[in-house]
Amino acid sequence: LSPGATLHLVDPYIENALRPGSRGTETATRRVVTRAARAADGPALAWHVELSEQTAARWSAPIDMVFIDGDHSEAGCQLDWDLWSPWVRHGGVAVLHDAREGQPGGWGLPGPTTVADRLFRDPGSAPSWRLLEEVDSAVAVERTVGGPAGPAPS
């Protein structure tokens, strides 16, 4: 990221029901990320210590890249996709973490993999997005049409 960019980090730092004992370590994360940002002369850091849907409820800016690494349930991953993908600008990227269970050379968890299968591996399922690359546990997609429109009206 360029020095003028802002990196928004969203994490409630609570234990994940699908990964008992996985409670995030906020202090260590802040230390490591802050050190890396300083060493690179940027970006600015904006911390959101809350659930993703709480941050998304107030979001109003276009996004160049979003990394979806939530609670790893199918419902949680789908919710994060539904809340954050509308904000990704044309040409922007979304990455789903732990979304390659059972894929060649990959690993992951059932929830994110099911969402990635439904959204990007089923033909014609997400016509505004193109699968860029799948590496290890990550699936990267690019918005090819539209955006950022923000969330659809309810």
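In this predicted model, four strands form an open sheet in the order E3-E4-E6-E5, with mixed pairing. Strands are DSSP runs of E with at least two residues, helices are runs of H or I with at least four, and both are numbered from the N terminus; two strands count as paired if DSSP finds at least two bridges between them. The edges are formed by strand E3 (63-68) and strand E5 (129-135), each pairing on one side only. From one strand to the next, the twist averages 15 degrees.

Local features need pLDDT of at least 70 and side-chain atom pairs count only at pLDDT 80 or more, while totals for chains, interfaces and linings use all residues. Residues are numbered from 1 along each chain as its sequence is written, and side-chain values use heavy atoms, with hydrogens and water left out.

A handy place to start is strand E4 (residues 88-96), which pairs with E3 in the parallel sense over 5 bridges. Here Val66 stands opposite Ala94 in E4. E4 also pairs with E6, in the antiparallel sense over 4 bridges, and in E6 the bridge partner of Ala94 is Val141.

Two helices accompany the sheet. Helix H3 (residues 74-84) packs on it, touching E3, E4, E5 and strand E6 (138-143), where contact means heavy atoms within 4.5 Å. The direction of H3 makes about 175 degrees with that of E3; axes are lines fitted to C-alpha atoms, for helices over the stretch in contact, and angles run from 0 to 180 degrees between N-to-C directions. Helix H4 (residues 110-121) lies across E4, E5 and E6, at about 145 degrees to E4.
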